[in-house]
Amino acid sequence: MARPLTPLRELTTVDEVRSACGDDVLIMWAAQGGKPGVRAWALGDAIAVACPDLMRGDRLTIHGDAGSAAVLVRHALAECGPTYRLAGDEPLVRAVVERVPELEFAAAFYWMDTDRPAPVADAAKGAGTHALPEAEAHAYWLAESDAPEISALLEVASPSAYAVPGLPGVRRWAGVRRDGELVAVAADAWSAPTVGFIAGVATAPAHRGKGYGEAVCRLVTDSLLAAHGRVALMVDADNPPALRLYKRLGMVRRGIAAARVREQHD
């Protein structure tokens, strides 16, 4: 006998979202603690979370069975509008795009996360890190008055960074200085109650490979882990140095992807 279909239902609490996704770290981050404007739906073992104004855009994050997820995506886009950009595990996003013709595949990249303290750097054991003792000592949380220096560094070192000073959801910045110059930064940005999030990681070109980026990322990782229990970030698949750095911090990568509604032409 065929199993009866579970009706599509809207989830109204963070606890309902957690139960529906099995506490999946990507979904719990996307839910942003149920901030105003967030909506979520479940169908079978699939879940979709629509979060406005997350990382400079409206995000629709999915998890679960592709068939049910496709139904949820159609429903969410009808409810929330076509500005929402789809995200989820890459195989799932590709399968949903095949089922929802109005979508087009946009990009593949990595989500990386950890729920454990970063391993202690030990170059003697082949950790492959160049972290300097003075870099570790000078990684600290910056003040609001440092915003112009942060912006200037990002313009040179990471002009496409999603996180910039003053943007909603970007809470604070950590940095490393060398001889008074700000040479590396990373932000606590768009963190959720149970998932701290790192963005805006950048190191001045002249100071790369010296351990400053690792020093500032270790500080932010440890701080967010203590506050939220889990830490995550996103990174391009074609950025081997960053992937190696985050792996040294104990993060595990997960292939995810994005899709968007096709532009309509007259």
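Under the criterion of a side-chain nitrogen of Lys or Arg within 4 Å of a carboxyl oxygen of Asp or Glu, the count comes to 16 salt bridges. The structure is a predicted model, in which local features need pLDDT of at least 70 and side-chain atom pairs count only at pLDDT 80 or more, while totals for chains, interfaces and linings use all residues. Residues are numbered from 1 along each chain as its sequence is written, and side-chain values use heavy atoms, with hydrogens and water left out. The pLDDT is the predictor's confidence in each residue, from 0 to 100; its mean for the protein is 92, and 91% of the residues reach 70 or more. Over residues 123-131 the pLDDT is below 50, and this stretch has 15 contacts in the model beyond near neighbours in sequence (contact: heavy atoms within 4.5 Å).

One of the salt bridges joins Arg39 and Glu79, with an N to O distance of 2.9 Å. Arg39 belongs to strand E2 (residues 39-43) and Glu79 to helix H3 (residues 66-80), 40 residues apart. Helices (H or I, at least four residues) and strands (E, at least two) are DSSP runs, numbered from the N terminus. In the salt bridge of Arg171 and Asp188, the N to O distance is 3.0 Å. This pair links strand E8 (residues 170-178), which holds Arg171, to strand E9, which holds Asp188, 17 residues apart. Arg171 is exposed, at 54% relative accessibility, whereas Asp188 is buried, at 0%; buried means under 20% relative accessible area, exposed over 50%, and partly exposed in between (1.4 Å probe, protein chains only). Asp15, Arg18, Asp23 and Arg230 are linked in a network of salt bridges.

Strand E9 (residues 181-189) runs antiparallel to E10, to which four bridges join it; strands pair if DSSP finds at least two bridges between them. Ala184 has Thr203 of E10 as its bridge partner. Six residues lie between the strands of this hairpin, in which Trp190 takes a positive phi near 55°. In strand E10 (residues 196-203), seven of the eight residues are buried. E10 is also joined by two bridges to strand E11 (residues 231-235), and these two run parallel. Gly196 stands opposite Val231 in E11.

A search of the whole structure finds zero disulfides, a disulfide being a pair of cysteine sulfur atoms within 2.5 Å. For Cys21, the nearest cysteine sulfur is that of Cys51, 14 Å away. Cys21 is buried, at 6% relative accessibility.
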